[in-house]
Amino acid sequence: MPHSKGKILVIGIDGAPYDLLNTFINKEGKLPILGELIDNGVFLKLISTIPPATAPAWSSFITGLNPGKHGIFEFMVKVRRSYNFMPANSLLRSGKELWEILTNYGKKVCVINVPVTYPPKKVNGIMITGLLTPPSTENFTYPPSAYNEVNSIVPDYSIYPSISYIEGQEREYVKELRRMLKGRIKLALHLMDQKQWDFFMIVFNETDMIQHALWNHLEDSASPYAGEILK
């Protein structure tokens, strides 16, 4: 467990492959802040889960279990004794979650935007759920009263973009992702300052969204969006 006076900060950059980061940082001299963190830490290529998808991979991070043990293999989960499927959620996952263990040890946690954390579970601190949270729900925080705090700091806080990517509307989509990113950062900095915490984790999945939309622009130097993934 963490030392009583120590703190752990985990920053998840969704969809950021080792090879791409290595090229940006070591071959092209980009992303200097991330490069400095790597120089003072450890930078290794990890083997993903089988299947190598968002829901099982983050669930393995959360529990330390492989998909066969935590039970999440994809975004959708088969409903028992039927042919129907439902979105994966935290109640369907087996195993103890990282923040559950920390809570049991009396540690204060703050968890923001980690995939497959909806519905939020009781923790010793605050949780704001991430990917696979129902888009229309206001029940994405623990404690429930934290919703009002989120709304007061970032009134337009969003888990998902308000618009879908459509070819030819790259500018609007990039603008929306930047709005989301700025809001998430603002909220995280507020909670860092205002809340006691031993463990703080935030996931940025705007990096994954922009690659899904603009990957074909990455190697096209003539495209006005060639550098957007790096911004």
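Modeller: Let us begin with burial. A residue is called buried under 20% relative accessible area, exposed over 50%, and partly exposed in between, with a 1.4 Å probe and protein chains only. Leu9, at 44% relative accessibility, therefore counts as partly exposed. This is a predicted model, in which local features need pLDDT of at least 70 and side-chain atom pairs count only at pLDDT 80 or more, while totals for chains, interfaces and linings use all residues. Residues are numbered from 1 along each chain as its sequence is written, and side-chain values use heavy atoms, with hydrogens and water left out.

Biologist: Where is Leu9 placed, and which residues form a nonpolar patch with Leu9?

Modeller: Elements come first: helices (H or I, at least four residues) and strands (E, at least two) are DSSP runs, numbered from the N terminus. Leu9 belongs to strand 1, residues 8–13. As for patches, they are made of residues with over 30% relative accessible area and no salt bridge; like charges are joined within 9 Å, and nonpolar side chains (Val, Leu, Ile, Met, Phe, Trp, Tyr) within 5 Å. Accessible areas come from the Shrake-Rupley method with a 1.4 Å probe, and for residues only the protein chains shown count as cover. Here, Leu9 forms a nonpolar surface patch with Ile11 and Ile13, and together they have about 250 Å² of accessible area.

Biologist: How many salt bridges does the structure hold?

Modeller: A salt bridge is a side-chain nitrogen of Lys or Arg within 4 Å of a carboxyl oxygen of Asp or Glu. The structure holds eight salt bridges. One of them pairs Lys195 with Glu149, with 3.0 Å between the closest N and O atoms. This pair links distant parts of the chain, 46 residues apart: Lys195 is in the loop between helix 7 and strand 7 (199–204), and Glu149 is in helix 6. Lys195 is partly exposed, with a relative accessible area of 31%, and Glu149 is partly exposed at 21% relative accessibility.

Biologist: Which salt bridges involve Arg179 and Arg184?

Modeller: Arg179 meets Glu176 in a salt bridge at 2.6 Å, N to O. Both lie in helix 7, three residues apart, about one turn of the helix. Arg179 is partly exposed at 24% relative accessibility, whereas Glu176 is buried, with a relative accessible area of 8%. Arg184 forms a salt bridge with Glu206, the closest N and O atoms being 2.7 Å apart. Glu206 lies in helix 8 (residues 206–214) and Arg184 in helix 7, so this pair ties together parts that are 22 residues apart in sequence. Both Glu206 and Arg184 are buried. Elsewhere, a network of salt bridges links Arg93, Glu97 and Lys121.

Biologist: Which peptide bonds are cis, and which residues have a positive phi without being glycine?

Modeller: A cis peptide bond joins Tyr118 and Pro119, with omega about -5 degrees; Pro119 lies in the loop between strand 4 (109–114) and strand 5. Another cis bond joins Tyr142 and Pro143, with omega about -5 degrees, and Pro143 is in the loop between strand 6 and helix 6. As for phi, Leu31 has a positive value near 55 degrees and is found in the loop between helix 1 (18–27) and helix 2 (32–39). Leu31 is partly exposed, with a relative accessible area of 24%. Arg81 has a positive phi near 60 degrees and is placed in the loop between strand 2 (76–78) and strand 3 (85–87). At 89% relative accessibility, Arg81 counts as exposed.
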